[in-house]
Amino acid sequence: MFEEAFLKVGERLGILQTRVLAALVLAAGVFLLLIAAAVYVWLNPLAICRQQSSSLFFGTTIAEQGKVEAADWNRFVDEVIVPRFPDGFTLLAGQGAWRSSRTGEVVREDSHVLLVLHEGDGAADQALDAIAADYKMRFRQESVLRADQCARYRF
């Protein structure tokens, strides 16, 4: 009789140990999932944004050749930007400065800023990258600065 009671207690402890171990494994899995999600958001903060604001900054100085003229800029807007964002965008005029990677000198120049509000989808991302690449190639620019941030907008 004592042996039977001892075996029943042992069986119950074994079941309890199995349940505790299963709960610990589940908790560890949830913890790892939360860590992975946190790392993903840390490395890709715009992933949680439903709406975004993106800006492209275009310098107008062309090395040893002057600058991007107003007519050339307007043609670029009509041919490259409007087809990619026909629903709308904003253009701003600016003054900028940057350090040349070739000469190390600080260059001051007129600039254009494109501001686009979008849903943060892949299509807008690709369109912005294509606009920047086209501008760099067309006007022999070292770079086009891009700034993205979470936004909330409505009409």
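Arg146 has a relative accessible area of 22%, so it counts as partly exposed (buried is under 20%, exposed over 50%, partly exposed in between, with a 1.4 Å probe and protein chains only). A quick note before going on: this is a predicted model, where local features need pLDDT of at least 70, side-chain atom pairs count only at pLDDT 80 or more, and totals for chains, interfaces and linings use all residues. Residues are numbered from 1 along each chain as its sequence is written, and side-chain values use heavy atoms, leaving out hydrogens and water.

Back to Arg146: it forms a salt bridge with Asp125, the closest N and O atoms being 2.7 Å apart (the cut-off is a side-chain nitrogen of Lys or Arg within 4 Å of a carboxyl oxygen of Asp or Glu). That pair links distant parts of the chain, with Arg146 in strand S6 (residues 145-150) and Asp125 in helix H3, 21 residues apart. Helices (H or I, at least four residues) and strands (E, at least two) are DSSP runs, numbered from the N terminus.

Arg138 forms a salt bridge with Glu79, with 3.1 Å between the closest N and O atoms. Since Arg138 lies in helix H3 and Glu79 in helix H2, the pair ties together parts that are 59 residues apart in sequence.

Now look at H2 itself. Its 15 residues (70-84) should span 21 Å at 1.5 Å a residue, and the end C-alpha atoms are 20 Å apart, which agrees; the expected span is 1.5 Å times one less than the number of residues. The buried residues of H2 are Trp73, Phe76, Val77, Val80 and Ile81.
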